[in-house]
Amino acid sequence: MDPMQIAAVAVVLTAYVLYRQMKTRVATGYGLRLLALFMIAIGLLSGGLVDPRHLALSLALLAVEVACAVAFGFLRASTVRIWRDEAGVLWSKGTGRTLLGWLASLLTRVALLGAGYALGLVSVPTALLVFMGLTVGVQSFSVARRARALPSSPAVLAHG
């Protein structure tokens, strides 16, 4: 698959993730965690995450991108509404703050891409898959963990 096609797939997958997160759904997160692993694997297997001409600088920027992806995943997870229904089933739904977290995450990714470009680093579009996979995976894991920590009482709500 061509890198631009992979980047297009990343955009479509991100739109799908946003759509799912804004819907009320059972708070297991397994599907999104599998999707996140798929995105990371494709991004890693596609190569080009580091610029071999500027290895140290490229690795440093990659470390910043990974840290940002993880941080934004935790941040967005804290904004997701989680509750237990009368039957004891755990549910989650993204909020307006979740969308703002996504916007901040994407703007940060664009800024980091621009910084890399300004520093003369070569970047491939498939790196977006790794960033998105990490941030989606962390968010999904964190939401599921928060959900499991809720008391058994169905009347308890957890807001981010």
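**Notebook: contacts, fold and pocket**

I began with contacts. Residues 24 or more positions apart account for 78% of the protein's contacts that have a separation of 6 or more. I note that this is a predicted model.

Next I looked up the secondary structure. I found five helices and four strands in the protein. Reading along the sequence, I wrote down the pattern α-β-α-α-β-β-α-α-β.

Then I checked the dimensions. The C-alpha trace spans about 60 × 25 × 20 Å along its principal axes.

I turned to burial and surface. How many of the residues count as buried? The protein has 160 residues, and 40% of them count as buried. I took buried to mean under 20% relative accessible area. The protein exposes about 8,300 Å².

Last, I looked for empty space. Rolling a probe the size of a water molecule over the atoms shows where such space is left. The largest pocket has a volume of about 170 Å³.

Which residues line the largest pocket? I listed Leu106, Arg109, Val110 and Leu113, then Ser123, Val124, Pro125 and Leu128. Helix α4, residues 96–118, gives the largest share of this lining, with four residues.

I also sorted the lining of the largest pocket by class. Six residues are nonpolar, one is polar and one is charged. Arg counts as charged, and Arg109 is in the lining. Ser123 is also on the lining list.

How values were computed: Residues are numbered from 1 along each chain as its sequence is written. This is a predicted model: local features need pLDDT of at least 70, side-chain atom pairs count only at pLDDT 80 or more; totals for chains, interfaces and linings use all residues. Side-chain values use heavy atoms; hydrogens and water are left out. On a 1 Å grid over the protein atoms alone, a cavity is a set of points where a 1.4 Å probe fits but cannot get out, and a pocket is an open set with protein on both sides within 12 Å along at least five of seven lines; lining residues have an atom within 4 Å of a point. Grid points are joined across faces, edges and corners, and a volume is the space filled by probe spheres set on the points. Helices (H or I, at least four residues) and strands (E, at least two) are DSSP runs, numbered from the N terminus. Buried means under 20% relative accessible area, exposed over 50%, partly exposed in between (1.4 Å probe, protein chains only). Contact means heavy atoms within 4.5 Å. Accessible areas come from the Shrake-Rupley method with a 1.4 Å probe; for residues, only the protein chains shown count as cover.
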